[in-house]
Amino acid sequence: MQQLEMQGVLGLRQEIQGRRVLVVDDEAIIRDLCAKVLKSHRIVEASSGEEALEILARTPIDVVLTDVMMPRMTGLELLQRVKEREPDKPVVIMTGYADKDVILQALKADADDFISKPINLLQLRTTIDRVLEKKALREELLTLKRMDRLKTEFLGLVSHKLKTPATAISLFIQNLAQGIGDPEEPAFQKTLQMILAESAYLENLIQELLFFSEVILREGPPRLTSVDPAAVCRQALKDIEGRAATRDIALELRLPEQSPPLQTDREQLAFILHALLDNAVKFTPKGGRVCLAAEFLGNSLRLEIRDTGIGMPPEELPRVFEKFYQIDPAGSGQVRGFGLGLFYARTFTKNLGGRLILESEPGVGTTAVVSLPL
């Protein structure tokens with residue numbers, strides 16, 4: 001137990017190392033002193049409240065350390081402005097006044113901690129570390145809550161999707177066990193084919209479930225590595241070949257002769273292509289065509305997935321990126337899949353600094369274009 005606690009403390013320590021601290025004071029000597037004491041963090045300096053607000057508007061800051069007495073905008077005014085913009089942004093107040101009114105005003109404005117002047121170096125370091133540790137714990141708690149909510153929603157959807165084919169298969173097997181139905185009758189053979197189709201669908205759902213759970217529930221920012229985009233495209237098309245063949249859908253791959261490496265997250269790029277190709281095959285009738293083309297334009301990679309499918313009306317396009325939204329072209333209410341592919345395809349594209357757009361026309365087909373920076 002003690003070992004686990006030590007590992008937790010060390011992990012938290014590593015988590016707060018290198019965090020960005022904005023030091024706001026009109027005295028350069030105080031800013032220099034703070035920078036030396038807090039050298040394990042990245043220090044950003046501002047000589048006034050106005051400058052601090054400008055920095056906060058364009059730079060991610062983990063904690064603001066500000067003096068109270070400054071010309072034009074005081075530290076208390078800065079505190080109020082920061083909390084108005086970002087209520088959860090930690091702000092530590094430095095004050096040379098043991099004035100209860102100052103402390104009371106700061107508390108009312110939701111200050112996170114105080115440091116008294118003249119500055120005690122040990123107090124400064126421990127106070128900033130304590131505030132950053134609290135911030136890290138709050139972030140971890142929010143992440144855990146978000147993951148828990150996501151898992152709950154996902155499990156609810158999975159249960160619903162698996163229930164229909166499992167029930168149909170179960171009923172057929174019960175009839176067989178009771179001797180109902182003549183294998184020589186056309187109706188029996190038709191039912192048998194339906195059950196085989198439901199079994200295949202169930203198998204496909206389970207494969208999708210494993211695919212989604214591995215990528216979607218993975219935590220953290222993109223894991224950037226040097227990736228060969230041509231190799232990812234080839235593998236994505238290979239993964240979808242089986243499904244396309246069963247529906248007599250032709251697949252086409254167009255790659256440039258030269259393929260420079262891409263700094264990106266391989267798993268997320270593979271997910272994007274898989275989701276878009278899966279949708280293209282799913283909504284393309286038998287005998288249709290799906291094409292994946294890649295080309296380099298300036299400083300970006302352009303990936304295009306074009307199909308000759310049923311297409312979508314313009315009013316559907318804004319909604320297809322919603323979580324769990326599913327297109328129901330037949331209006332049957334029995335839409336296959338989980339409705340997560342496009343949602344996460346766009347989310348991951350944004351994570352990688354890119355853009356995903358769709359163009360579609362009913363009866364003609366759909367084109368998805370992914371643009372990623374090199």
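Buried residues make up 41% of the 374 residues in this protein. Please keep in mind throughout that the model is predicted.

I'll start with the whole chain. The protein has 10 helices and 12 strands. Its radius of gyration is 29 Å, while the globule rule gives 21 Å for 374 residues, so the protein is more spread out than a compact globule. Along the principal axes, the C-alpha atoms fill a box of roughly 95 × 55 × 45 Å.

Next, contacts. Among contacts with a separation of 6 or more, 66% are between residues 24 or more positions apart. As for the surface, the accessible area comes to about 21000 Å², and carbon and sulfur atoms account for 54% of that. There are 47 positive and 53 negative charges, and their mean positions are 2 Å apart.

Now some single residues. Met94 is found in strand 4, which covers residues 91–95. Is Met94 buried or exposed? Its relative accessibility is 0%, and buried means under 20%, so Met94 counts as buried. Setting aside neighbours within four places in sequence, Met94 is in contact with a list of residues including Val24, Ile30, Cys34, Leu65 and Ile119. Met69 is 25 residues from Met94 in sequence, and their C-alpha atoms are 9.0 Å apart.

Asp67 is also on the contact list of Met94. Asp67 lies in strand 3, residues 63–67. With a relative accessible area of 5%, Asp67 is buried. Which side chain does Asp67 meet in a polar contact of 3.1 Å? That partner is Lys117. Beyond four places in sequence, Asp67 also touches Val24, Asp25, Asp26, Gly75 and Met94.

Stay with Lys117 for a moment. A cis peptide bond joins Lys117 to Pro118, with omega at about 0°. Pro118 sits in the loop between strand 5, residues 113–116, and helix 6, residues 121–177.

Two other loop residues have a backbone angle to point out. Asp110 is not a glycine, yet has a positive phi of about 75°. Asp110 is placed in the loop between helix 5, residues 100–108, and strand 5. Its relative accessible area is 43%, so Asp110 is partly exposed. Asp248, again not a glycine, has a positive phi of about 55°. Asp248 lies in the loop between helix 8, residues 229–246, and strand 7, residues 250–254. At 56% relative accessibility, Asp248 counts as exposed.

Now a helix residue. Ala197 is found in helix 7, which runs over residues 186–216. At 45% relative accessibility, Ala197 counts as partly exposed. How far apart in space are Ala197 and Arg42? Their C-alpha atoms are 59 Å apart, and 155 residues separate them in sequence.

Thr366 is in strand 12, residues 365–373. Its relative accessibility is 14%, so Thr366 counts as buried. The side chains of Thr366 and Ser360 are joined by a polar contact of 2.7 Å. Not counting residues up to four places away in sequence, Thr366 touches several others, among them Ile305, Arg306, Asp307, Gly311 and Met312. Leu358 and Glu359 are also among the residues that Thr366 touches.

Conventions: Residues numbered from 1 in each chain as written. Predicted model: local features only at pLDDT ≥ 70, side-chain atom pairs only at ≥ 80, totals over all residues. Heavy atoms only, no water. Helix = DSSP H or I, 4+ residues; strand = E, 2+ residues; numbered from the N terminus. Rg over C-alpha atoms; globule rule 2.2 N^0.38 Å. Buried < 20%, exposed > 50% of the residue type's maximum accessible area, 1.4 Å probe, protein only. Contact = heavy atoms within 4.5 Å. Areas by Shrake-Rupley, 256 points an atom, 1.4 Å probe, with all protein chains shown as cover. Lys, Arg positive; Asp, Glu negative; His and termini not counted. Charge placed at Lys NZ, Arg CZ, Asp CG, Glu CD. Polar contact = N/O pair within 3.5 Å; in protein donor to acceptor, adjacent residues only side chain to side chain.
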